[in-house]
2 protein chains.
Amino acid sequence: MDIVDDRTRADRLVSDVSEDILNGAFAPGDRLDELSLAERYGVSRTPVREALRRLASSGLVEVRPRRGAIVARITAEKLAELFGAMAELEATCARLSAIGMTPMERRRLEAFYASMEPLVSAADAEGFAAANLVFHTQIYAGAHNGHLAEITAGLRSRLLPYRCAQFRTPGRLPRSHAEHGAVVAAILDADAAGAHAAMLRHVSLVEDSFERLAAARAVRG
Amino acid sequence: MDIVDDRTRADRLVSDVSEDILNGAFAPGDRLDELSLAERYGVSRTPVREALRRLASSGLVEVRPRRGAIVARITAEKLAELFGAMAELEATCARLSAIGMTPMERRRLEAFYASMEPLVSAADAEGFAAANLVFHTQIYAGAHNGHLAEITAGLRSRLLPYRCAQFRTPGRLPRSHAEHGAVVAAILDADAAGAHAAMLRHVSLVEDSFERLAAARAVRG
DNA sequence: TGGAGGGATATTGTATGCAATTCATCTATA
DNA sequence: TATAGATGAATTGCATACAATATCCCTCCA
């Protein structure tokens, strides 16, 4: 059974190149000249150009007019800004969720939070990471603002490569779960300021533990 | 004296096409086929394609794979989401400004706010609109997070076409100025929650007056 | 009359060649 | 030796031709 991939070559290039950037085949600062990429991926320069522009708009590469593209070098300051912006956005979503979630959404959030407990007991970092994404996404959705949710989710995914080891730190799982608990409690309470503060604290703590260091390492290349 | 424009054709197309969209030469939903655009602007399809993709990433057009591009139809709900997201982002910048602005930034903001008073007295809507942008931009900068500032400014500019008549409403100028005053006072007081609330209120009020109606009209085409 | 199928047409996706610009290297001169 | 200028190679920007896909319209059948 042949599942044909009806994406265009440029679409696939976006995935392939970003993968190669994220797993280190291309390091920050590396030149990405169109001809080499075209040969490497077996296509012509045209879709390569398109893919590079798209990657630029997502922040992964930097195109300088007439001077070619390079893998974006994210400085430590820029990375801190991105993490900071994400924390604020997440906190805003939490605040709006506290104000506006429907009773059904609140019940679902509570139930989902409870369902994460076994993963903590089992120290299942991978399972928890997956559930964590769902948890946060529920809160984006609870803000009832698709654009805000999109921005926030986009930023989260952009920062994903800098957070790989997130739940490996010993003791991080139960702490994260407890912080989630504070967020959930505030949202269920319709406590806007509390939800904002709890989420801001949660996201900042997660970032502040040791993946900042990992990130810094990644930046230095 | 010839000031040559060293922008690439695609760069110019981005400006030209977005202008033509914003002033109504192309209406929402109109097809933007590459050949017609190429002929219209006297270039080949290649830079047209690039411009269309870039406009898509900024939300002005919508490209459907293999099915061409159309001028984005912003629904009323989507527009409300965009305004809502902007309000939240602006409020967040205000909150961070209250917390983190340097003394110099605070003095500048206060001085700039004072300098807007004459424009209100003179009922200079155009001058006020220009100063208004500067005022808000100062607050984006005061958040000390370049990425957040960029997102917020981007959203503001994207919404600009839906806010043309902003300060024409009778009485809007003094009211806006008063609302700015509340924001400035809270920021100078380092009152995070107050700054957030004041800015949220300000932006929401501005939007809620009558340009939502203008926007709805624009959407209906 | 209404809908399904099929072929012509129009439009997008991709490859390639040429023009324009940048970059690197080498030379000449102070 | 260091710097400015020039020259050639490498690379991007753009145009055009071809291939793949979608769209439209016509015919045919129930």
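Reader: On what basis are the residues and atoms treated?

Author: This is a predicted model, in which local features need pLDDT of at least 70 and side-chain atom pairs count only at pLDDT 80 or more, while totals for chains, interfaces and linings use all residues. Residues are numbered from 1 along each chain as its sequence is written, chains are lettered from A and ligands numbered from 1 in the order in which they are written, and side-chain values use heavy atoms, without hydrogens and water.

Reader: How many residues surround DNA strand C, and which are the closest?

Author: A residue is near a strand if one of its heavy atoms lies within 4 Å of it. Here 19 residues surround DNA strand C, the closest being Arg9(A), Ser44(A), Thr46(A), Arg67(A) and Arg49(B). Of the atoms of DNA strand C that come within 4 Å of the protein, 70% belong to sugar and phosphate.

Reader: Which polar atoms approach the phosphate oxygens of DNA strand C?

Author: A polar contact is a pair of N or O atoms within 3.5 Å; within protein, one must be able to donate a hydrogen and the other to accept it, and residues adjacent in sequence count only if both atoms are side-chain atoms. The side chain of Arg49(B) places a polar atom 2.5 Å from a phosphate oxygen, and an N or O atom in the side chain of Ser44(A) is 2.7 Å from one. For Arg66(B), a polar backbone atom is 2.9 Å from a phosphate oxygen.

Reader: How large is the area buried between chain B and chain A?

Author: The size of an interface is often given as the accessible area lost when the parts come together. Buried area is taken with a 1.4 Å probe and summed over both parts. Between chain B and chain A it is about 2000 Å², with carbon and sulfur atoms giving 51%. Glu81(B), Glu88(B) and His147(B) supply 24% of the area that chain B buries against chain A, more than any other three residues. By contact (heavy atoms within 4.5 Å), 28 residues of chain B meet 28 residues of chain A.

Reader: How many salt bridges cross this interface?

Author: A salt bridge is a side-chain nitrogen of Lys or Arg within 4 Å of a carboxyl oxygen of Asp or Glu. The rule finds six across the interface of chain B and chain A. One salt bridge joins the side chains of Glu50(A) and Arg53(B), at 2.6 Å from N to O.

Technical notes:
Buried area = accessible area lost by both parts, 1.4 Å probe.
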